[in-house]
Amino acid sequence: MSDLLHPVPVARRRRPTERGRVLKGIALAVAMICALPMLAVLITALSGGTDTIAHLSQTVLPRYAGTTLLLVVLVSVGTFALGVGAAWLVTMTRFPGVRVFEVALVLPLAFPAYVLAYAYTHVLDHPGIVQTSLRAATGWGPRDYWFPDVRSVGGAAVMLILVLYPYVYLLARAAFLQQSATTFLAARALGANAWSAFFKISLPMARPAIAGGVLLAVMETIADFGTVAYFGVQTFATGIYTSWFSLADRGGAAQLALCLLSFALLLAFLERAQRGKAKYHDTARGQHRMNAMPLRGAAAVMAVMLCAVPVVLGAVLPVVILFSMGLGSEQDLLSPRYVGFVQNSLTLASIAALCTVAAAIAVGFFQRLHPGRLSFGSGYVARLGYAVPGGVIAVGLLVPFAAFDNALDGFMRAQFDISTGLLITGSIWLLVAAYMVRFLAAALGAYEGGQALVPMNMDAAARSLGQTPIGTLRRVHLPILAPSLLTALLIVFVDVMKELPATLIMRPFNFDTLAVQAYRLASDERLEGAAVPSLVIVAIGLLPVVLICRQVGRHHSK
């Protein structure tokens, strides 16, 4: 009552506004950091003149563009076929082991594509066990037979398909579960067989979700560096790395990055448009869902084989190969050198995960607290980083900060005869910023998914009880959102552990991670040694996949 009779001091009344301004400033700063790589690439590419791009267009640009587009087409078709086919089988049919396959089909998501490339090269290359056994059994010489070359565009596409089809599988499965049985049964009653009803009814209804999954796989494809670099496939990702390091051509690297950035942003726009359309295809609410069709005999055997192939090739067989390779290697995981790799990887992943989730909280809560063009614009810019390949982000951050470091060092030398060195570009903090830009969309998606479950009247109740916006966030939102935040932390942590191109370009001197060590050993054709850090990366990558599998199993039991 006394608070109502006596006016609140001015300092106390301004305090919530000041804290709100701090939150606004943090959210806008995060958006600016996310926009900086794209702006830097654009400015550097345009300031490089036309001579570089003209030379690139006459030499390597057509090859980079053609190979990248071919890889995109192959991965799109492959992930669509595997993801949609598997989702339809486990959702709409019943056969032996369907409950196991429903969860196991997600497991390849834990594997980086470059890890599969190392494993399958070890067994399928010319000195591998497959071709060696073939020559021993037939008596053929090296030139007496033809064998598919795993180090090719087709080989890279197969590796990417095996690890990326779960994106399509998860979204397609969710879409099929939401569909009503009414339209499908009506088509069957009008004389359409099961295949015709699937292609004319179920597939078009799930199209937005499927298209979103395929576009996510395509964005990961154009961002991939480890697989294509190891297989010698020349794409935009490898071209950027070659221009930056081998040729020391920053202008060329920026112009190649701009080409890739334009394509990536187009994909991001298409993915967001498809996600917006998906809400109009939820037709199962209040209606009867389709009953699964039991399969018997040859049909059941075929369904088991179709679901088993991606799981075996994408998860089981690579683990067996890598484990057998690791046993024969000279790498000691407990040696001080490997302990250093593990410490560096865990340090980077932990710091990046905490910073990224903190940035996601700031951007997400700012959107909730102050809905409007500014807040939603900052959220949109923060999400764009997921579509930008790591190599593009690395170039976009290194160019402006290297210029700043050089200018500061020149000024300090001239004025005080002191060399400051590379204060920013020589530290891990710029690398952490690159990780934040790259993976903020994933953390923001997990945070907003949990925040949607917190009704707005809880915010109003907290404010009526005297809580500031920051107090509402700390005492109301964060305790409720703890599971979502833990999921976001795990996703970003594992993504950072697997990330290769940005780490290769931006890591401080003599600061190597498990991914860099695996890439370096594989580049030296020491595949058995590369298996050891690869296995550690896969083991850590299983953490968020296990959470996804639990959600899949829990959803089915409801």
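Where is N510 found? In this predicted model, N510 sits in the loop between α23 (501-506) and α24 (514-523).

The backbone of N510 has a phi near 60°, which is a positive value in a residue other than glycine, and N510 is exposed because its relative accessible area of 67% is over the 50% cut-off. A positive phi is also found at D417, which is not a glycine either and has a value of about 55°. D417 belongs to the loop between α18 (390-416) and α19, and with a relative accessibility of 69% D417 counts as exposed.

For F176, the contacts beyond its neighbours within four places in sequence are V84, A87, W88, T91, M92, F198, S202 and A206.

**F493 in helix α22**

F493 is part of helix α22, which spans residues 482-498, and its relative accessibility of 16% falls under 20%, so F493 counts as buried. When residues up to four places away in sequence are not counted, F493 touches L346, A349, S350, A353 and I540. In sequence F493 and Y435 are 58 residues apart, while in space they are 9.9 Å apart from C-alpha to C-alpha.

**A nonpolar patch on the surface**

Which residues form a nonpolar patch on the surface? The patch is formed by V309, V312, L313, V316, L317 and V320, which together have about 430 Å² of accessible area. One of these residues, V316, is placed in helix α15 (residues 298-327). Why is V316 partly exposed? Its relative accessible area is 44%, and the class of partly exposed residues lies between the limits for buried, under 20%, and exposed, over 50%, which means that V316 belongs to that class.

| Residue | Relative accessible area | Class |
|---|---|---|
| F493 | 16% | buried |
| V316 | 44% | partly exposed |
| N510 | 67% | exposed |
| D417 | 69% | exposed |

Terms used
Residues are numbered from 1 along each chain as its sequence is written. This is a predicted model: local features need pLDDT of at least 70, side-chain atom pairs count only at pLDDT 80 or more; totals for chains, interfaces and linings use all residues. Side-chain values use heavy atoms; hydrogens and water are left out. Helices (H or I, at least four residues) and strands (E, at least two) are DSSP runs, numbered from the N terminus. Buried means under 20% relative accessible area, exposed over 50%, partly exposed in between (1.4 Å probe, protein chains only). Contact means heavy atoms within 4.5 Å. Patches are made of residues with over 30% relative accessible area and no salt bridge: like charges are joined within 9 Å, nonpolar side chains (Val, Leu, Ile, Met, Phe, Trp, Tyr) within 5 Å. Accessible areas come from the Shrake-Rupley method with a 1.4 Å probe; for residues, only the protein chains shown count as cover. A salt bridge is a side-chain nitrogen of Lys or Arg within 4 Å of a carboxyl oxygen of Asp or Glu.
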